[in-house]
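Hi,

I'm passing a structure over to you, and my notes follow below it.

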Amino acid sequence: MSHSLLQGKRGVIFGALDSQSIAWKVAEKAYEEGARFVLTNAPVALRMGQIQELATRCQAPLIGADATVDTDLENLFSQAVQELGGPLDFVLHSIGMSPNVRKGKAYTDLNYDFYHKTLDISAMSFHRTMRAAMATNALNRGASILALSYIAAQRVFPDYNDMADAKALLESIARSFGYHLGKSHGVRVNTISQSPTRTTAGSGVKGFDGFLDYAERMSPLGNASAESCADYCVVMFSDLTRMVTMQNLFHDGGFSFTGVSQEVLGL
Ligand SMILES: NC(=O)c1ccc[n+]([C@@H]2O[C@H](COP(=O)([O-])OP(=O)(O)OC[C@H]3O[C@@H](n4cnc5c(N)ncnc54)[C@H](O)[C@@H]3O)[C@@H](O)[C@H]2O)c1
């Protein structure tokens, strides 16, 4: 059911790869709620094809951009403003990738070139995104910018590897850039820390099924689905959350504040 929460709003959504992607669900909900937006992903992901189907369904222009390349991002924001007919009210950064995780490197024996890539793709790209949006005057006053994080930024989950460091940096960038964008443009910047979710990025983590099952048993409400994460993103893009900024918002069914559960203790 639509509440028209995003009626008349324009945005850019990064990171829809396939129908499992959290960004895919956000695009579907944002469209339902009346938003118009550009979909973007790395050129290699666009060639894989599935996102075109989503773009057609949501009547969304599709613009390729590698989120680690500043000129790609500037071109994306300039084109998005042109295609949508005005500055943006929301941006979703839903990007994560670790070559160390992909290659099965242990945290204590990282490949440092890969480590640079992890931090650039999964965290610095958020800084680059906001810088490019500012440089191209692409943001409306009161716009809402979100990135997706995970609780490994605060607690140790050994197999999450160098992505934990990337998420800690991502959350810090949200606070620091949030201060400056709040002052200069009245723009809010937040991260949503989501439950483990079965997607391409999520399933790449070693022992993911065990992770998912443990979180389900620890969380009083159970794991939050990608669909419910999309609902939360829509609320964060809407005018109902105008004064929320520089926060890391847990969307995890209560996992983050549960010490232990009866299910985990086997009671
Ligand atoms: N799945 C989970 O368990 C989970 C939990 C918490 C947070 N998150 C976060 O949610 C976000 C989305 O991940 P997802 O789970 O939907 O997986 P996903 O694999 O569907 O999405 C990751 C996206 O990042 C894109 N990407 C990678 N390199 C890029 C680059 N250089 N430029 C532009 N885009 C690039 C990929 O093409 C893909 O679309 C990530 O930040 C992830 O860390 C996921």
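This is a predicted model: local features need pLDDT of at least 70, side-chain atom pairs count only at pLDDT 80 or more; totals for chains, interfaces and linings use all residues.

The shell around the ligand is made up of 14 nonpolar residues, 12 polar ones and one charged. There are 27 residues around the ligand, and those that come nearest are Ser 21, Gly 96, Thr 199, Ala 201 and Gly 202. Two or more residues each come from α1 (22-32), β5 (139-149) and α8 (200-203). Of the elements, α8 gives the most to this shell, with three residues.

How do α6 and α7 lie against each other? The axis of α6 and that of helix α7 (residues 163-185) come within 8 Å and cross at roughly 10°, so the two helices are roughly parallel. On the α6 side the contact includes Leu 119, Phe 126 and Met 130, and on the α7 side Leu 169, Ile 173 and Phe 177 are among the residues involved. By class, this contact has 11 nonpolar, three polar and one charged residues.

The other pair is helix α4 (residues 70-84) with helix α6 (residues 112-135): their axes come within 9 Å and cross at roughly 50°. α4 and α6 are therefore oblique to each other, and the crossing is right-handed. From α4, Asp 70, Leu 73, Glu 74 and Phe 77 make the contact, meeting Arg 128, Thr 129, Ala 132, Ala 133 and Ala 135 of α6. Here the classes are five nonpolar, one polar and three charged residues.

Best wishes

Technical notes: Residues are numbered from 1 along each chain as its sequence is written. Axes are lines fitted to C-alpha atoms, for helices over the stretch in contact, and angles run from 0 to 180 degrees between N-to-C directions. Helices (H or I, at least four residues) and strands (E, at least two) are DSSP runs, numbered from the N terminus. Angles under 35 degrees count as roughly parallel, over 145 as roughly antiparallel, 65 to 115 as roughly perpendicular and the rest as oblique. A crossing is left-handed if the near helix is turned anticlockwise from the far one by less than a right angle, and right-handed if clockwise. Two residues are in contact if their C-beta atoms, placed from the backbone, lie within 7 Å. Ala, Val, Leu, Ile, Met, Phe, Trp, Tyr, Cys and Pro count as nonpolar, Asp, Glu, Lys and Arg as charged, and the others, Gly among them, as polar. A residue is near a molecule or strand if its C-beta atom, placed from the backbone, lies within 6 Å of it.
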